[in-house]
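Here are a few notes to read with the structure open beside you.

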Amino acid sequence: MSIKVGILGVGGYTGLELVKLIKNHPEFELSYAATTSKNSLSNIFTQLNGVIDLDVNVVNVSELKERAELVFMAMPHTQSMNYIKELPQDFKIVDLSADYRISLENYEAHYAHHIDILGLKRATYGLVEINRQAIANSTLIANPGCYPTCSLLAALPFAKFLNPKDGLIIDAKSGLSGAGKALKESSHFVSANENCTPYSPFTHRHSIEIKEHFEKSTNASFDVLFVPHLLPLNRGMIASIYASIKDEFCDIEPLEILKQFYKDDKFIRILNTPPCIKNVAGTHFCDIYAKKMGNKLWVCSSIDNLLRGASSQAMANANILCGFDENLALPELGCGI
């Protein structure tokens, strides 16, 4: 018997990706979809005409509890917690916003006042390759951000080898879909086309997410100097991480460290040459390459920001929550040439 699934905030880019993933999932059935106004899926996403249709309702927690057993929260930051705090603790939730990703102190310093402290305390950070067991024992999953996913998957295998005093320098670049559907001057065609634009240097809110979860693995304090950029691409991202290796570990082989760390992970590909966005676009893969020169380390990773950085990572978390193979229905074949 299939598990009934809801999506709150279905109207965005990640909502569409979730609909497609659920459509191809053998154990999930999309039974409830909601956004800020009544509509239908095929009207919001015309590419779904003749494929899947479902009435889209205004968000109603009582209806959600009646019609679904699992929910993907694809709401904007600061909105998900308004609804999650009204759901029972045994209701399975994967939240794609930032509302449960970081500590209360960091959240209130970088986002807003938090209204669900109990939920924040019980939430599990859903970076699957790092937190599988904790995810399986939880019911509320904080799906990581796209830049943190790309950066942490590259950096964490080296955490114990790195010199904290030199911190992490992260240069990251993302396609325009990472900014969401809302129109902004920076995402106008004439602004973005044939351009590459840095934004929020050192102050982007993903900096603190990367720092908090990297430090949890090291029990050491690391500065994170993070600068994101916009690329004139629909989807995909790439991150270069620079760090220094402790003197006693200068003889490590970076690729061997990565291969050993991810030896059992199907969707982490360790490459012998630097990755590129085109090879991961449309897939759940994270491609990683690393190289060192003396005690200086460079790690480069690439993901699809809408899938591995959002919706397919949410699906992997949902699979674990429901006791399925975590790789079920995750996309392997990308967008082609």
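This is a predicted model: local features need pLDDT of at least 70, side-chain atom pairs count only at pLDDT 80 or more; totals for chains, interfaces and linings use all residues.

1. Cys146, Tyr147, Pro148, Ser151, Leu152 and Ala155 of helix 8 are in contact with His206, Glu209, Ile210, His213 and Phe214 of helix 10. By type, the residues of this contact are seven nonpolar, three polar and one charged.

2. How do the two helices cross? The axes of helix 8 (residues 146-155) and helix 10 (residues 206-218) come within 9 Å, at an angle of roughly 35°. The crossing of helix 8 with helix 10 is right-handed.

3. Next, please find phenylalanine 161, in the loop between helix 8 and strand 9 (168-174). Is phenylalanine 161 buried or exposed? Its relative accessibility is 9%, so phenylalanine 161 counts as buried, the cut-off being under 20%. Leaving aside neighbours within four places in sequence, phenylalanine 161 touches Ser244, Ile245, Lys246, Phe249, Ile252 and Ile257.

4. Now for the rings: the count comes to eight aromatic pairs. One of them joins tyrosine 107 and tyrosine 111, with centres 5.0 Å apart and planes at 15°, so this pair is stacked. Tyrosine 107 and tyrosine 111 are both buried.

5. One more ring to look at is that of phenylalanine 285, where the charged end of arginine 269 sits over the ring, 3.9 Å from its centre.

Notes: Residues are numbered from 1 along each chain as its sequence is written. Side-chain values use heavy atoms; hydrogens and water are left out. Rings of Phe, Tyr and Trp (its six-membered ring) pair if their centres lie within 6.5 Å; planes under 30 degrees apart count as stacked, over 60 as edge-to-face and the rest as tilted. Buried means under 20% relative accessible area, exposed over 50%, partly exposed in between (1.4 Å probe, protein chains only). A charge sits over a ring if NZ of Lys or CZ of Arg is within 6 Å of the ring centre and within 35 degrees of the ring normal. Axes are lines fitted to C-alpha atoms, for helices over the stretch in contact, and angles run from 0 to 180 degrees between N-to-C directions. Helices (H or I, at least four residues) and strands (E, at least two) are DSSP runs, numbered from the N terminus. A crossing is left-handed if the near helix is turned anticlockwise from the far one by less than a right angle, and right-handed if clockwise. Contact means heavy atoms within 4.5 Å. Ala, Val, Leu, Ile, Met, Phe, Trp, Tyr, Cys and Pro count as nonpolar, Asp, Glu, Lys and Arg as charged, and the others, Gly among them, as polar.
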